[in-house]
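Here's a quick tour of a protein model, one topic at a time. Have a look at the structure below, then read on.

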Amino acid sequence: MYGPPVTDSALVGRVLGTEDATPLEFWVAVDPGEYLQLDDVVVCERAVPGREPVRLAGIVAQVRARHEGARFDSDVFLIADGVLPAEVAEAAQVLTTRVEPEVYVPPTPGTGVCRATGDERDTALYFDKMERHLPIGLGRDGRTLFANLDFIDGTRGAHINISGISGVATKTSYATFLLYALFHGNVLGAAAQHTKALIFNVKGEDLLFLDHDNKKLDDAERAKYYALGLQPGPFRSVTVFAPTRPGDQNATPDVASRSTGVQAFWWTLEEFCRDELLPFVFADAEDERNQYTMVIHNVARQLARGVPAGDDGAWVVEGETLRTYGDLVELIGRRVSDDDDAETQRAWAGPAITRGTINAFLRRLMSSQRALSRLVFADVRRGTKHGIDSDGSQVAVIDLHNLPDRAQRFVVGVTLRRAFDRKELAGSREPLQFVVLDELNKYAPRDGTSPIKEILLDIAERGRSLGIVLIGAQQTASEVERRIISNSSIRVTGRLDAAEAARPEYGFLPAAHRQRATIAKPGTMFVMQPEIPVPLVVEFPFPAWATRPDEQGGSVSDELATHVGDDPFDLLPD
């Protein structure tokens with residue numbers, strides 16, 4: 001048994017006798033001089049013959065008020081005028097979170113109920129069972145709420161999934177807040193220095209300033225960070241990667257609002273052919289419905305048989321030198337449609353491939369030139385930095401917002417494959433690698449297959465053992481591959497559309513929470529985790545790092561300029 005006995009002086013109400021009380025749910029009549037609000041934590045005791053008392057704790061999920069003595073709707077006016085006698089009665093619905101000892105009996109009507117505070121509140125929410133606490137936000141009582149890191153880093157589970165309406169649910173803001181709590185809090189200990197994160201930026205240039213202070217952060221919001229045990233400020237170690245500008249021979253990063261600390265990325269023809277990246281060119285929804293997978297893999301194998309041409313990233317295939325993506329497309333087109341040389345056509349397209357399948361493959365390949373020509377080319381001296389490398393900083397932001405949809409898919413697919421292959425090759429869960437990917441329904445839709453979807457499934461199902469953790473976000477969980485959602489130990493929802501909230505994918509939300517999710521304000525999230533049977537409603541503070549260009553204040557590089565020669569990780573808060 002935990003906590004002091006429930007006494008009359010601490011009572012806020014008593015278990016109702018006019019509603020069914022079960023071990024999992026009961027109603028409390030609120031004392032006239034007290035109140036209960038949504039998300040309050042309460043406790044009560046039940047005497048059991050021959051055993052120690054059973055203590056039940058729960059969270060208030062609904063509160064109601066009514067007139068006792070009124071029969072008609074119009075009686076409210078008579079009662080207000082003092083003509084008709086009646087009493088106001090308030091009652092709260094409580095969803096049980098913990099029963100100690102585990103004797104599942106209902107609380108008896110009339111049993112005193114008190115509000116849980118301090119250690120008793122933490123015990124009711126299983127925080128006493130968590131060896132490693134990750135702060136996930138503040139509760140309605142202003143105190144910190146936690147998640148168990150064991151269910152995030154792969155020790156007992158992994159992955160976080162966030163759902164909500166775009167622009168209102170603050171999915172990306174919450175994902176970055178969780179990363180900030182991981183990297184700048186104490187939960188990871190010394191391992192925080194080596195933990196990495198890949199963040200794909202798909203909407204504007206909002207995530208390009210994570211290493212800048214947010215000048216709009218006020219003192220009230222700053223105090224919330226201190227309450228969470230965090231020092232407010234920007235991310236300390238960030239590198240931004242952006243694609244090259246179209247037609248720019250100098251490979252200048254294609255960003256408008258940030259001029260420093262941005263590295264351009266692209267792939268050479270040598271890398272494209274040697275690493276067999278062609279399948280990621282065919283990764284959109286239309287490709288998933290077509291039947292030319294065999295052609296894609298046959299062509300990729302033929303390209304991989306080439307050799308480098310010099311040290312500038314060019315590639316030689318069957319005596320032809322490829323320097324641009326257009327050269328690559330032209331060569332493939334000639335080889336797979338060479339009716340005069342059946343043996344060459346069969347080697348490239350595959351046996352028993354119909355002309356219709358070949359033409360469908362070629363149409364999609366040729367249409368990819370506009371999207372990928374700026375990402376795949378040669379004429380760059382070997383050794384020139386042009387890849388997406390997360391080793392140089394703790395957080396790597398990959399900017400995709402200026403790329404067409406097809407190019408975005410290519411970058412996401414190739415980057416995830418490389419990250420997954422590296423973790424597989426390392427054979428160790430440490431250091432952890434987090435991946436933040438919005439619009440998960442686009443990359444891993446419920447129907448169809450694609451190379452990106454297969455990688456995401458691998459991460460969801462095997463990433464736990466490899467130390468690669470997916471923080472995925474989407475507007476509608478109902479449109480995402482079920483296996484990815486079901487493998488996410490932590491489920492989070494922000495503001496939901498009413499029709500979406502009714503889908504079975506949100507069955508973990510009690511009815512009252514589903515209703516609340518349709519009117520939730522930005523910054524309010526509903527967090528479900530394995531150890532707690534009821535979602536926690538959390539509020540997280542306004543970002544302390546700039547989330548758009550007009551919010552940027554001083555950068556970390558400005559601060560580091562006064563610490564020349566210091567390891568930037570030494571500046572992380574203790």
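The largest pocket in this predicted model has a volume of about 620 Å³. A pocket here is an open set of points on a 1 Å grid over the protein atoms alone, where a 1.4 Å probe fits, with protein on both sides within 12 Å along at least five of seven lines. Points are joined across faces, edges and corners, and the volume is the space filled by probe spheres set on them.

**Around the pocket**
- The lining (residues with an atom within 4 Å of a point) is made of 30 residues, and Thr 170, Lys 171, Thr 172, Ser 173 and Asp 206 lie nearest the pocket's centre.
- Helix 3 (171–184), strand 10 (196–201) and strand 18 (433–437) each give two or more residues to that lining; helices are DSSP runs of H or I with at least four residues, strands are runs of E with at least two, and both are numbered from the N terminus.
- Helix 3 supplies the largest share, five residues.
- By type, the lining splits into 15 nonpolar, nine polar and six charged residues. Asp, Glu, Lys and Arg count as charged, Ala, Val, Leu, Ile, Met, Phe, Trp, Tyr, Cys and Pro as nonpolar, and the others, Gly among them, as polar.

**A residue in strand 10**
- Phe 200 sits in strand 10, and it counts as buried because its relative accessibility is 2% (buried means under 20% relative accessible area, with a 1.4 Å probe and protein chains only).
- Phe 200 and Gln 408 are 208 residues apart along the chain, yet their C-alpha atoms are separated by 9.5 Å.

**Helix 12**
- Helix 12 covers residues 405–426, and at 1.5 Å a residue its 22 residues should span 32 Å, which agrees with the 32 Å between its end C-alpha atoms. That expected span is 1.5 Å times one less than the number of residues.

**The sheets**
- Six strands form a closed barrel in the order 1-2-5-4-3-6, with antiparallel pairing (two strands pair if DSSP finds at least two bridges between them).

**About the numbers**
- Residues are numbered from 1 along each chain as its sequence is written, and side-chain values use heavy atoms, leaving out hydrogens and water.
- Local features need pLDDT of at least 70 and side-chain atom pairs count only at pLDDT 80 or more, while totals for chains, interfaces and linings use all residues.

Conventions:
Buried means under 20% relative accessible area, exposed over 50%, partly exposed in between (1.4 Å probe, protein chains only).
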